[in-house]
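Subject: The structure we talked about

Hi,

Here is the structure I promised to hand over.

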Amino acid sequence: MEKRAGNPHLSIPDTYFDPERSLVSAQYFEDLRTREFSRLDEGGHVYLDYTGSGLYADCQVRDVDQFLEHHVLGNPHSENPASTIATELVERARADVLDFFGADPEEYAVVFTSNASAALKLVGESFPFADGSRFTLLRDDHNSVLGIRMYAQARGAEVSYLPLDDELRLDRDAELPDAGPGSSLFAFPAQSNFSGVKHPLSLVTRARDAGYRVVLDAAAYAPTSRLDLSEVPADFVSVAFYKMFGYPTGLGALLARKEALVELVRPWFAGGTVEFVSTQTGVHRLRADAESFEDGTPNFLGIAAVPRGLAFLREVGMERVSAHVAGMTERVLRILGEVRYPDGSPAVVLYGPRDIADRGGTVAFNVLDPDGRVVPFGEVERAAAAVGISVRGGCFCNPGAAEKALDLPAAEALECFESIPHGDFSLSRFARCMGPDAAVGALRVSVGIPTVGADLTRFAAFVQEFAAGRAAGTAHVAGRG
Ligand SMILES: Cc1ncc(COP(=O)(O)O)c(C=O)c1O
């Protein structure tokens with residue numbers, strides 16, 4: 001094979017080349033798209049919301065379907081044949097998840113949950129916060145991490161946030177406070193679901209050395225980047241499988257260091273979690289393993305589909321996925337950076353890093369009017385939808401990054417929030433209250449394994465024509481390309 005890797009004129013990593021087929025990965029991903037994701041093109045979809053959810057490859061559902069057609073699976077944890085198959089599949093899936101994340105089964109356990117939020121909640125509700133505890137977060141955390149503060153505050157822990165800089169990275173000068181004398185927790189996203197920023201994984205060791213147990217929220221990171229827990233010794237890791245490989249939904253996991261898991265104190269017990277319960281004596285004893293965190297019947301049919309999804313990611317290769325996503329993200333950034341009005345002023349404002357260093361495939365932005373005002377994100381989202389393009393609008397459950405990116409004044413925002421009665425809140429009503437100069441919410445484009453150049457060509461045409469329409473003062477909308 002011609003040695004093309006290492007060419008100084010290419011800004012993509014060496015791993016972008018497929019050594020097996022002597023083809024640049026661009027062709028590999030074009031072929032994969034045709035073979036496994038043809039439904040996108042059949043329906044004329046440009047799907048750019050991979051941080052919302054990944055898409056499954058056809059082979060995953062086909063193989064899972066075939067497997068289910070030919071096996072009888074029953075509720076696990078009994079001795080009957082249908083049950084023992086299900087039990088074995090669940091245990092095999094657990095081992096496979098550990099293997100995928102490079103986690104030593106002696107050190108780590110996998111708890112299956114219904115999504116990443118449920119994994120995070122398990123930690124929050126069970127963590128032994130008390131007076132003297134600290135809960136330290138990044139302003140870039142997802143709502144499902146921020147929500148842990150409710151448990152922390154209720155039990156007397158001190159809650160503090162590490163700030164972001166103007167690129168929405170962790171501020172260089174941010175000091176990680178020492179853990180308190182009580183059990184303390186530090187939580188951060190491996191990758192921001194707002195800006196795509198990859199926060200340094202070295203924070204895990206730094207925080208552990210400072211006395212914290214560490215939650216690494218890998219929900220947005222794991223779908224397109226290799227996470228190796230033999231190198232990143234997080235105590236708790238949250239993931240969602242539909243984000244990683246699209247199918248099944250309703251399934252995530254908490255990967256937990258066993259030494260950290262035993263410190264958690266479950267607030268209740270349920271079917272499946274106990275060795276023994278008595279109504280006469282009032283005693284109960286939880287099981288000693290991960291199952292003590294899995295309330296009720298696990299999603300055993302969904303869990304049976306997990307190894308096929310992991311196998312798909314292995315087949316493509318996480319290094320190749322990362323390189324592909326970096327290439328596509330670079331194009332998205334270029335497209336958005338190049339949209340300008342005739343006077344040369346930008347038609348787009350980007351939030352977060354402008355280049356692909358230490359970031360994943362998520363890009364947040366707003367479209368600007370020729371006078372520099374932000375076009376309400378909903379208008380752009382609807383216009384994109386009208387031409388078959390799925391992008392996401394809003395704050396993406398990441399209020400801290402949105403507040404920083406959009407420079408929302410805290411006092412005014414609080415006043416507006418409090419002026420809207422409970423049950424009547426909407427971002428558009430909030431935006432009206434904040435006034436025409438405030439940007440409330442943003443747009444988010446995210447790329448994934450199935451993304452190909454043609455998607456981005458159509459996206460570019462859409463943004464350019466949308467901006468041209470704004471310049472012409474009409475609600476001009478790009479046609480399907
Ligand atoms: C970084 C991050 N954490 C947590 C979550 C919550 O995931 P789920 O909706 O699967 O609970 C998401 C979802 O977008 C996310 O991006």
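This is a predicted model: local features need pLDDT of at least 70, side-chain atom pairs count only at pLDDT 80 or more; totals for chains, interfaces and linings use all residues.

**Domains**

The protein chain is divided into domain 1, residues 71-314, and domain 2, which is made of 320-395 + 441-471. Their centres, taken over C-alpha atoms, are separated by 32 Å. Where the two meet, domain 1 gives 14 residues to the contact and domain 2 gives 14 residues. On the side of domain 1 that touches domain 2, six residues are nonpolar, six are polar and two are charged.

Five of its five residues are buried, so S8 is largely enclosed by the rest of the structure. Both of its faces are covered: Arg213, Val215 and Asp217 are buried on one side, and Val214 and Leu216 are buried on the other.

What joins S8 to strand S7 (residues 185-189)? Five bridges do, and S7 and S8 run parallel. Within this pairing, Pro189 has Asp217 of S8 as its bridge partner. Between S7 and S8 the chain passes through helix H8 (residues 202-209), and this β-α-β crossover is right-handed.

S8 is also joined to strand S9 (residues 236-240), here by three bridges, and these strands run parallel too. In that pairing, Leu216 stands opposite Val237 of S9.

**The ligand**

Which residues come nearest to the ligand? Of the 13 residues around the ligand, they are Asn115, Ala116, Ser117, Asn193 and Ala240. Sorted by class, the shell has five nonpolar residues, seven polar ones and one charged one.

**A cis peptide bond**

When you step through the backbone, stop at Tyr247 and Pro248, which are joined by a cis peptide bond with omega of about 5°. Pro248 is found in the loop between helix H9 (241-245) and strand S10 (252-257).

Is H14 largely enclosed or largely open? Six of its eight residues are buried, so H14 is largely enclosed by the rest of the structure. The buried residues are Gly400, Ala401, Ala402, Lys404, Ala405 and Leu406. They pack against four strands: S6 (158-162), S13 (348-351), S14 (362-367) and S17 (442-446).

Cys397 lies in the loop between strand S16 (392-394) and helix H14 (399-406). Although Cys397 is not a glycine, its phi is positive, about 60°. Cys397 counts as partly exposed because it has 15 C-beta neighbours inside 10 Å.

Asp407 follows H14 and lies in the loop between H14 and helix H15 (410-419). Asp407 is not a glycine either, yet it has a positive phi of about 55°. Why does Asp407 count as exposed? The reason is its 9 C-beta neighbours inside 10 Å, since a residue with 12 or fewer is taken as exposed.

Best wishes

Conventions: Residues are numbered from 1 along each chain as its sequence is written. A residue is buried if 20 or more other C-beta atoms lie within 10 Å of its own, exposed if 12 or fewer, and partly exposed in between; C-beta atoms are placed from the backbone. Helices (H or I, at least four residues) and strands (E, at least two) are DSSP runs, numbered from the N terminus. Two strands pair if DSSP finds at least two bridges between them. A crossover is right-handed if, with the strands pointing away from the viewer, the path from the first strand over the helix to the second runs clockwise. A residue is near a molecule or strand if its C-beta atom, placed from the backbone, lies within 6 Å of it. Ala, Val, Leu, Ile, Met, Phe, Trp, Tyr, Cys and Pro count as nonpolar, Asp, Glu, Lys and Arg as charged, and the others, Gly among them, as polar. Domain bounds come from an automatic or database domain assignment. Two residues are in contact if their C-beta atoms, placed from the backbone, lie within 7 Å.
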